[in-house]
Amino acid sequence: MYEGIDVQELRAYILNKFTAEGDFDFLKEGELPEIVDAMLSYDEEYMQSSGANEGEVYDDDDAYELIFARLQKAYPQYKMYCMRLAEDYLDFTEEYLASVDAIDWE
């Protein structure tokens with residue numbers, strides 16, 4: 001996924017941010033970790049298809065569109081929350097990557 005990044009640490013960071021935010025406390029037990037895992041998977045899918053994992057530019061807008069579309073399809077019961085979930089996921093991921101000096105701003 002992200003070269004040199006501990007994905008479990010990234011996942012824990014994202015989960016902690018969502019939990020601290022509290023906006024998705026209405027989700028059933030275990031759903032938030034499941035949704036975060038799904039978003040990590042969709043992000044990986046974007047990175048593979050775009051070549052971002054091989055040095056191509058990571059386009060936040062394109063990644064967002066893919067993650068948002070996949071979330072809506074996978075979690076139709078939360079369709080109206082998918083935009084916010086995808087936005088927050090990308091924000092939290094960027095925060096984490098910046099905190100470990102893993103972002104190369106172009």
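**Starting from one phenylalanine**

Phenylalanine 68 has its place in helix H3, where helices (H or I, at least four residues) and strands (E, at least two) are DSSP runs, numbered from the N terminus. Before I go on, please keep in mind that this is a predicted model, in which local features need pLDDT of at least 70 and side-chain atom pairs count only at pLDDT 80 or more, while totals for chains, interfaces and linings use all residues. Residues are numbered from 1 along each chain as its sequence is written, and side-chain values use heavy atoms, with hydrogens and water left out.

Is phenylalanine 68 buried or exposed? Its relative accessible area is 16%, so phenylalanine 68 is buried, given that buried means under 20% relative accessible area, exposed over 50%, and partly exposed in between, with a 1.4 Å probe and protein chains only. Not counting residues up to four places away in sequence, phenylalanine 68 touches Cys82, Met83 and Ala86, and contact here means heavy atoms within 4.5 Å. Phenylalanine 68 and arginine 84 are 16 residues apart in sequence, and their C-alpha atoms are 8.9 Å apart in space.

**The core**

Now to the nonpolar core, a term for a set of buried Ala, Val, Leu, Ile, Met, Phe, Trp, Tyr and Cys residues joined through side-chain atoms within 4.5 Å. The largest one has 34 residues, and those with the most contacts inside it are Phe18, Met39 and Leu71. At least two residues of this core come from each of helix H1 (7-21), helix H2 (31-50), helix H3 (60-74) and H4. Which helix gives the largest share of this core? That is H2, with 9 residues.

Aspartate 88 is buried, because its relative accessible area is 7%. Apart from neighbours within four places in sequence, the contacts of aspartate 88 are Phe18, Glu21 and Phe24.

Methionine 47 is found in helix H2, and at 4% relative accessibility methionine 47 counts as buried. Although methionine 47 and tyrosine 2 are 45 residues apart in sequence, they are 8.8 Å apart in space, C-alpha to C-alpha.

Proline 33 is also found in helix H2, but with 26% relative accessibility proline 33 counts as partly exposed. With neighbours within four places in sequence left aside, proline 33 is in contact with Arg11 and Leu15. From proline 33 to phenylalanine 18, the distance is 15 residues in sequence and 9.7 Å in space, C-alpha to C-alpha.

**Outside the helices**

Glutamate 56 has its place in the loop between H2 and H3, and its relative accessibility of 53% makes glutamate 56 count as exposed. Not counting residues up to four places away in sequence, glutamate 56 touches Ser50 and Gly51.

Aspartate 101 lies in the segment after H4, and aspartate 101 is exposed, with a relative accessible area of 73%. Most residues other than glycine have a negative phi.

**The chain as a whole**

Stepping back, the protein chain has 4 helices and 0 strands, and from the N terminus on its elements run α-α-α-α. Its radius of gyration is 13 Å, close to the 13 Å that the globule rule gives for 106 residues, so the chain is as compact as a globular protein of that length; the radius is taken over C-alpha atoms, and the rule is 2.2 Å times the number of residues to the power 0.38. Of the 106 residues, 37% count as buried. Of the contacts with a separation of 6 or more, 62% are accounted for by residues 24 or more positions apart.
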